[in-house]
Amino acid sequence: MSGLLEGPLSGRRALVVGGSAGIGRAVAQAWADAGADVVVCSRSEPCGARSLRWRHLDLTDTGRARAVLAEQGAGPLHLVCYSAVHYGSGRAPFREVAEEEWRRQVEVNVTGLWLTLAATLPALRRAAPGLLLGVSSEVAFNAGPGRSGYAASKAAAKSLLDSVAQEEDPADVRIVQILPEGMVDTPGIRRRRPAGFDYAAYMRPEAFAQVAVRLGVTRGSRHHGDSLVIGQDGTWWSAGDRAPRSQSRPVTT
C-alpha cells in the first residue's frame, strides 16, 4: 500500500476492468488520486499510469479471464468499475457486419461483465456496502442504424446490471451505471475517425472523475439501480429524469 496518495478513498481497494484508456482510465485515475489502491485489468497497460497497478486481461480468452478475475475477487474489494467495451470496426448496416464482430461485442460487452459480476460480487458484499460501477452508453436507451450489434450488446449489459441491482440488498452492494451525454474523445473513437477530424465538441474522459470519486466515497448511496448521465462539465443527472440524447445518424455506404 506504500506510495498511495492520501485522500477520501484511502484504505479502499478498487478494480477497474477495461481501464487502460478512455472513461475506465479516468475512473481508475480518479480513484487512485483519491487514495484508493487501484488494479486495472485490461489487454494493454495504461500509458503513463500514476499510482495504478496493472494485470493483463483478455476477455475473449474466457478461461484465462475467469482465473484473473477470480484472483482479483479473492481479496478485499470495495469498488469495481466495468468499462471494457468492443465497439466494432465502425458504423455499418447489419448486412455488412461479420458474425465474428458480433461475437466479439457479446464476449466483451456482455459476457465479460457477467464474469466480472460473478467474480467480484462476493467480495463487494463482504465490504458492505460495496460499489459496482458500470460504464453504459446512450445506445442502451436509443437503438439506431449502423450499430445494431453495439446497441444490442450494450442494452443487454444495462439490463443485466438493472436486474442484478434488483436482486442485491443495497446495504450489501450498490450498482450504479454511468454514461456520457455526448461523444467522448478516446483512443477507440480516434481509430474510427478520419485524419484531421475536429474533436472540439467531444467530451473528455476526465469529465467522469468527479462523479467517480463521489460515488466511490458514498458507495453509490441514493443511486443504487440508477443510470447517471454525465455532462461535458462533469455534472450528472438521472436518465430517469432526463433521457440521454441519441447519437445515431444515417449510415452512408
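**Cores, central strand and a pocket in the predicted model**

The largest nonpolar core holds 30 residues, and those with the most contacts inside it are Val27, Trp31, Val38, Leu133, Ile178 and Leu215. Two or more residues of this core come from each of strand S1 (13-17), helix H1 (22-33), strand S2 (37-42), strand S4 (79-82), strand S5 (130-135), strand S6 (173-180), helix H6 (209-218) and strand S7 (227-230). Helix H1 supplies the largest share, with 6 residues. The structure described here is a predicted model, and local features were considered at a pLDDT of at least 70. In soluble globular proteins, nonpolar side chains tend to be buried together.

Beyond the neighbours within four places in sequence, Ile178 is in contact with Val27, Leu133, Gly134, Val135, Ser136, Phe208, Leu215, Leu228 and Ile230. Another core, of 29 residues, lies apart from the largest one, and its members include Cys41, Leu57, Val108 and Ala165.

Of its 6 residues, 6 are buried, so S5 is largely enclosed by the rest of the structure. In a regular strand the side chains alternate between the two faces of the sheet. Along S5, Gly130, Leu132 and Gly134 point one way, while Leu131, Leu133 and Val135 point the other way, and all are buried.

The pairing of S5 can be followed strand by strand. With S4, it pairs in the parallel sense over 4 bridges, and Tyr82 has Gly134 of S5 as its bridge partner. From S5 the chain passes through helix H4 (residues 148-167) to reach S6, in a β-α-β crossover that is right-handed.

Helix H3 also contains Thr116. This residue has a relative accessibility of 1%, and therefore counts as buried. Leaving out residues up to four places away in sequence, Thr116 touches Val17, Leu69, Val80, Tyr82 and Leu121. Tyr82, one of these contacts of Thr116, is the residue whose bridge partner in S5 is Gly134.

The loop between S4 and H3 is where Ala92 is found. Ala92 is buried because its relative accessible area, 17%, falls under the 20% cut-off. Not counting residues up to four places away in sequence, Ala92 touches Val97, Gly146, Arg147 and Val251. Ala65 is 27 residues from Ala92 along the chain, and the C-alpha atoms of the two are separated by 29 Å.

Rolling a probe the size of a water molecule over the atoms shows where empty space is left. The second largest pocket contains about 260 Å³ of space. Its lining is made up of 17 residues, with Gly22, Arg25, Ala26, Pro205 and Glu206 lying nearest the centre. The elements that give two or more residues to this lining are H1 and helix H5 (187-190).

Key. Residues are numbered from 1 along each chain as its sequence is written. This is a predicted model: local features need pLDDT of at least 70, side-chain atom pairs count only at pLDDT 80 or more; totals for chains, interfaces and linings use all residues. Side-chain values use heavy atoms; hydrogens and water are left out. A nonpolar core is a set of buried Ala, Val, Leu, Ile, Met, Phe, Trp, Tyr and Cys residues joined through side-chain atoms within 4.5 Å. Buried means under 20% relative accessible area, exposed over 50%, partly exposed in between (1.4 Å probe, protein chains only). Contact means heavy atoms within 4.5 Å. Two strands pair if DSSP finds at least two bridges between them. A crossover is right-handed if, with the strands pointing away from the viewer, the path from the first strand over the helix to the second runs clockwise. On a 1 Å grid over the protein atoms alone, a cavity is a set of points where a 1.4 Å probe fits but cannot get out, and a pocket is an open set with protein on both sides within 12 Å along at least five of seven lines; lining residues have an atom within 4 Å of a point. Grid points are joined across faces, edges and corners, and a volume is the space filled by probe spheres set on the points.
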